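Please read these points with the model open beside you.

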Amino acid sequence: METDNKTQRQAVSYHSSLRSGATLLSRRLFPSCRTFILRQPRSDPDIATQLDRMLTIIDVLEAASLRVGPGNNLPDHYAVLQLKPSDTNTRNRDFVRQRFKKLVRQLDPNKNKFPLTEEALMRVREAWQILSDPVQLARYEHEIRGEAEVEVVSPASFWTMCPYCWYLHEYEKKYQDCTLRCGNCQRTFHGAPVKPPEPESMVEGKEQYYCYHMSLPLRYPVDENCSFEFGGNAGRKMRIKTVANRSRVKGFVVPDSESESDPEMEVEL
């Protein structure tokens, strides 16, 4: 009874002709609800959009009920995000992100007022958390195949950032929390570990990463004859200068006794 009352309260957020489908959805009668959706006319764009939202909820929750693995006790995260394990693109984080964003837009609780929307969105987020993380994805695939879990070896290096010039540096692990000298501004700073750059920001085949910055030189009035009005001779324009596709070379720091070369330099592409 409580579920029916909740469905009636939510019905004001979608077309009245879809109340029967919303009731079937709230009772988890997914096959019947899917049949109801397929029989509805789509001449009205608003109704067609709402039908697609209902269909997304059904697809996600049905996929979330699937189980994989040797004992059929693991959720099928691939099916939730509408991916296939055999699809090589699932290794591409951007491709997985596109699937995730598409489902999130369809399951936005601010727009999708149908029952079970929040539950479906939670399942999508759980699948994204596993498939977007390389470590968790590798562990998940080993569990699906029934293989022993591979021990994750801690990296031999860490990333840190100079607080003065914002340069990212990668050093050997033994220099973590030591006092380091920035290869760019030559200032000393504490080598606290930070999150490494995203894989897509790394230059393929090189020990470099892309960085982007923008400078905004502003002009202001210096006498009574100047103003901020746009246009005319008295106007002052704001120029925007962008510098993109710059790459910085990263390298491991080495003791002075071994080398005195600068561990990092900047290269213009």
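1. Phe158 and Tyr171 are both buried. Please keep in mind here, and in every point below, that the model is a predicted one.

2. The rings of these two residues form an aromatic pair. The centres of Phe158 and Tyr171 are 6.3 Å apart and the planes meet at 50 degrees, so the pair counts as tilted.

3. How many aromatic pairs does a search of the whole structure find? The search finds three. One of them joins Tyr78 and Tyr140, with 6.0 Å from centre to centre and 40 degrees between the planes, and this pair is tilted. Tyr78 sits in helix H5 (residues 77-80) and Tyr140 in helix H8 (residues 134-145), so the pair ties together parts 62 residues apart in sequence. Is Tyr78 buried or exposed? Tyr78 has 2% relative accessibility and counts as buried, because the cut-off for buried is under 20%. Tyr140, at 5% relative accessibility, counts as buried too.

4. Next, the cysteines. A disulfide is a covalent bond between the sulfur atoms of two cysteines. The structure holds zero disulfides. For Cys182, the closest cysteine sulfur is that of Cys165, 3.5 Å away, which is too far for a bond because the two sulfurs would have to lie within 2.5 Å. Cys182 is buried, at 0% relative accessibility.

5. Cys185 is in no disulfide either, and its nearest cysteine sulfur, in Cys162, is 3.6 Å away. With a relative accessible area of 26%, Cys185 is partly exposed.

6. H2 (residues 19-26) packs with helix H3 (residues 30-39) at an angle of about 160 degrees, and the two axes are 8 Å apart. Why are H2 and H3 described as roughly antiparallel? The term applies to angles over 145 degrees, and the angle of about 160 degrees therefore makes H2 roughly antiparallel to H3. The crossing in which H2 passes H3 is left-handed.

7. Ser26 is placed in helix H2. It is buried, with a relative accessible area of 13%. A polar atom of the Ser26 side chain lies 2.7 Å from the backbone oxygen of Thr23.

8. Ser17 lies in the loop between helix H1 (2-10) and H2. Its relative accessible area is 33%, so Ser17 is partly exposed. Which distance separates the C-alpha atoms of Ser17 and Gln40? They are 9.1 Å apart, while the two residues are 23 residues apart along the chain.

9. Finally, look at Gln50, which is found in helix H4 (residues 45-64). At 7% relative accessibility, Gln50 counts as buried. The side chain of Gln50 makes a polar contact with the side chain of Asp46, at 2.8 Å.

Methods:
Residues are numbered from 1 along each chain as its sequence is written. This is a predicted model: local features need pLDDT of at least 70, side-chain atom pairs count only at pLDDT 80 or more; totals for chains, interfaces and linings use all residues. Side-chain values use heavy atoms; hydrogens and water are left out. Rings of Phe, Tyr and Trp (its six-membered ring) pair if their centres lie within 6.5 Å; planes under 30 degrees apart count as stacked, over 60 as edge-to-face and the rest as tilted. Helices (H or I, at least four residues) and strands (E, at least two) are DSSP runs, numbered from the N terminus. Buried means under 20% relative accessible area, exposed over 50%, partly exposed in between (1.4 Å probe, protein chains only). A polar contact is a pair of N or O atoms within 3.5 Å; within protein, one must be able to donate a hydrogen and the other to accept it, and residues adjacent in sequence count only if both atoms are side-chain atoms. Axes are lines fitted to C-alpha atoms, for helices over the stretch in contact, and angles run from 0 to 180 degrees between N-to-C directions. Angles under 35 degrees count as roughly parallel, over 145 as roughly antiparallel, 65 to 115 as roughly perpendicular and the rest as oblique. A crossing is left-handed if the near helix is turned anticlockwise from the far one by less than a right angle, and right-handed if clockwise.
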